[in-house]
Amino acid sequence: SLRAWLIFFKTDFPEITFDLARVGASEMQLSLWLTWGLPSDQQFVENAIIICQLEKKVPYLVDPSGVALGWLKEYYSQNEGQVEFSSVGDESFYNVAILCVKFGKTLVVTDCEGMPSILYPLMRREVTVSGGRTMIEMGDRSVDFSDNFKLVVVSRSSEHDIALSAKGFVSPVVFNMSRDALENEILDLVVRNEIPETEERLEAVRLTEKSLRLDLIQLEDDILESLSTADGNLLENKGLLQLLKVTKDKVSGISDALLKSEEASCELFEQKDKFRS
């Protein structure tokens with residue numbers, strides 16, 4: 001796995017500095033993840049990159065604190081309607097799972113203790129093709145299987161009760177809290193109790209930053225789309241040049257707003273840090 005490779009690389013080649021965060025995600029992505037509640041702890045960031053890039057294996061998140069699940073909900077909320085969160089204990093779980101499989105949604109199974117048997121066929125993609133239809137058995141039903149279907153499993157327990165026959169299809173991703181991350185969590189609880197107005201202002205700043213960074217991403221997408229569809233000499237395309245000028249002005253305004261937001265964050269964090277001692 002990528003996690004095992006990282007450990008091997010850092011152990012056998014300590015003289016070489018390798019930062020997964022710098023090559024596995026853009027600065028914009030990392031900034032957004034942090035505004036969505038992902039701790040800045042290196043392990044959490046690396047785990048988030050691993051989850052986002054896993055394609056063939058099922059991510060099995062070990063998340064004792066629940067912090068990773070909070071980030072995951074924000075991450076998938078950007079694709080509204082294409083993800084469902086459900087627990088095996090929910091009465092509607094079976095129907096939710098069937099809909100996800102059939103319509104190619106992402107199914108995030110929460111509060112798992114080990115790996116429920118109903119998930120094994122999905123994990124191993126035990127499909128059959130008949131009459132041009134791809135089917136999979138779910139309980140006593142045959143369900144149409146979409147290639148876009150994805151499965152993510154989240155557990156608070158570090159005990160992995162996964163059958164040997166399924167381990168090759170699962171990639172455990174452990175979100176253990178480091179000492180620094182745990183200290184920050186405790187600090188947040190203290191601040192919410194002692195100076196709740198500071199935490200409220202910080203939350204407002206985070207929401208503002210999130211909105212501004214999403215605006216930047218949208219502007220970037222608009223530019224790329226315009227460049228890809230433009231005809232003829234780009235330097236003579238008045239419409240494109242005007243768009244670039246307007247975009248430049250907007251980016252400048254957003255950058256200034258982000259700078260002010262970051263300055264406000266620093267001031268608020270200084271207030272929080274007084275409680276560390």
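**Salt bridges and helix packing in the predicted model**

Arg 124 is partly exposed, with a relative accessible area of 25% (buried means under 20%, exposed over 50% and partly exposed in between, with a 1.4 Å probe and protein chains only). The model is a predicted one, in which local features need pLDDT of at least 70, side-chain atom pairs count only at pLDDT 80 or more, and totals for chains, interfaces and linings use all residues. Residues are numbered from 1 along each chain as its sequence is written, and side-chain values use heavy atoms, with hydrogens and water left out.

Arg 124 has a salt-bridge partner in Glu 126, at 2.6 Å from N to O; here a salt bridge is a side-chain nitrogen of Lys or Arg within 4 Å of a carboxyl oxygen of Asp or Glu. Glu 126 is itself partly exposed, at 39% relative accessible area. The structure holds four salt bridges. Another of them joins the side chains of Glu 84 and Lys 105, at 3.2 Å from N to O. Glu 84 sits in strand β2 (residues 83-87) and Lys 105 in the loop between α6 (93-103) and β3 (106-110), so this pair ties together parts that are 21 residues apart in sequence. Helices (H or I, at least four residues) and strands (E, at least two) are DSSP runs, numbered from the N terminus. Glu 84 is partly exposed, with a relative accessible area of 28%.

A further salt bridge links Asp 249 to Lys 245, with the closest N and O atoms 3.6 Å apart. Both residues belong to helix α10 (residues 238-273), where a spacing of four residues separates them by about one helical turn. Asp 249 is partly exposed, at 47% relative accessibility.

Turning to helix α6, its buried residues are Phe 93, Val 96, Ala 97, Ile 98, Cys 100 and Val 101. What covers these buried residues includes β2, β3, α7 (120-124), β5 (133-138) and β6 (141-144), where contact means heavy atoms within 4.5 Å. After α6 comes Gly 104, whose phi is positive, near 70°.

Helix packing is illustrated by α4 (residues 42-53) and α5 (residues 67-77). Their axes come within 12 Å and cross at roughly 45°; axes are lines fitted to C-alpha atoms, for helices over the stretch in contact, and angles run from 0 to 180 degrees between N-to-C directions. Phe 44, Ala 48, Ile 51 and Cys 52 in α4 meet Val 67, Trp 71, Leu 72 and Tyr 75 in α5.
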